[in-house]
Amino acid sequence: MNVMKLDVIPAPSRAATDLNYEADLKTALEPILSELLDRAEHAGWDRRKAAYTVMFPAARNLADGKRNPANGSSTG
């Protein structure tokens with residue numbers, strides 16, 4: 001199991017309106033999400049259910065109006 005630090009997520013190199021922005025974001029987040037799912041599975045949780053369940057707090061963060069501390073705008 002590879003242990004990652006959340007503070008090593010690279011900053012975006014493109015504007016959020018760039019067509020490749022989301023692909024870059026996926027590349028940045030995928031190893032962290034994979035690590036999270038590895039840890040959940042190692043603890044005995046079903047990996048598929050863990051992946052599905054991650055969607056709910058992610059969506060709730062958007063619904064709660066979390067702000068982007070870097071620029072004060074809403075995320076999403």
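Contact here means heavy atoms within 4.5 Å. With that rule, among contacts in the protein between residues at least 6 apart in sequence, 29% join residues at least 24 apart.

Some ground rules before the details. This is a predicted model, where local features need pLDDT of at least 70 and side-chain atom pairs count only at pLDDT 80 or more, while totals for chains, interfaces and linings use all residues. Residues are numbered from 1 along each chain as its sequence is written, and side-chain values use heavy atoms, with hydrogens and water left out.

Overall content next. There are two helices and zero strands in the protein; helices (H or I, at least four residues) and strands (E, at least two) are DSSP runs, numbered from the N terminus. Of its 76 residues, 8% count as buried. Buried means under 20% relative accessible area, exposed over 50%, and partly exposed in between, with a 1.4 Å probe and protein chains only. The exposed surface comes to about 6,500 Å², and carbon and sulfur atoms supply 58% of it. Those areas come from the Shrake-Rupley method with a 1.4 Å probe; for residues, only the protein chains shown count as cover.

Now helix α1. It covers residues 21–42, 22 residues in total, and reaches 32 Å from first C-alpha to last, close to the 32 Å expected at 1.5 Å a residue. The expected span is 1.5 Å times one less than the number of residues. A kink of about 35° lies at Leu 29, shortly before Pro 31; the bend at a residue is the angle between axes fitted to the seven residues ending there and the seven starting there. After α1 comes Gly 44, with a positive phi near 110°.

Which residues of α1 are buried? They are Ala 28, Ile 32, Glu 35, Leu 37 and Ala 40, and their cover includes α2, residues 47–63. Take Leu 37 as the example: its relative accessible area is 10%. Leaving aside neighbours within four places in sequence, Leu 37 contacts Arg 47, Ala 50 and Ala 51. The C-alpha atoms of Leu 37 and Lys 49, twelve residues apart along the chain, are separated by 9.7 Å.

On to charges. The whole structure contains four salt bridges, each a side-chain nitrogen of Lys or Arg within 4 Å of a carboxyl oxygen of Asp or Glu. One of them joins Asp 24 and Arg 14 at 2.4 Å, N to O. Asp 24 lies in α1 and Arg 14 in the segment before α1, so this pair ties together parts that are ten residues apart in sequence.

Another links Arg 39 and Glu 35, with the closest N and O atoms 2.8 Å apart. Both lie in α1, four residues apart, about one turn of the helix. Arg 39 is partly exposed at 41%, whereas Glu 35 is buried at 6%.

Arg 47 and Glu 41 also meet in a salt bridge, at 3.1 Å, N to O. Salt bridges that share partners join Asp 38, Glu 41 and Arg 47 into one network.

Last, aromatics. Rings of Phe, Tyr and Trp (its six-membered ring) pair if their centres lie within 6.5 Å; planes under 30 degrees apart count as stacked, over 60 as edge-to-face and the rest as tilted. The count is one aromatic pair. The ring centres of Tyr 52 and Phe 56 are 5.3 Å apart and the planes stand at 80°, so the pair is edge-to-face. Both residues lie in α2, four residues apart, and Phe 56 is partly exposed at 46%.
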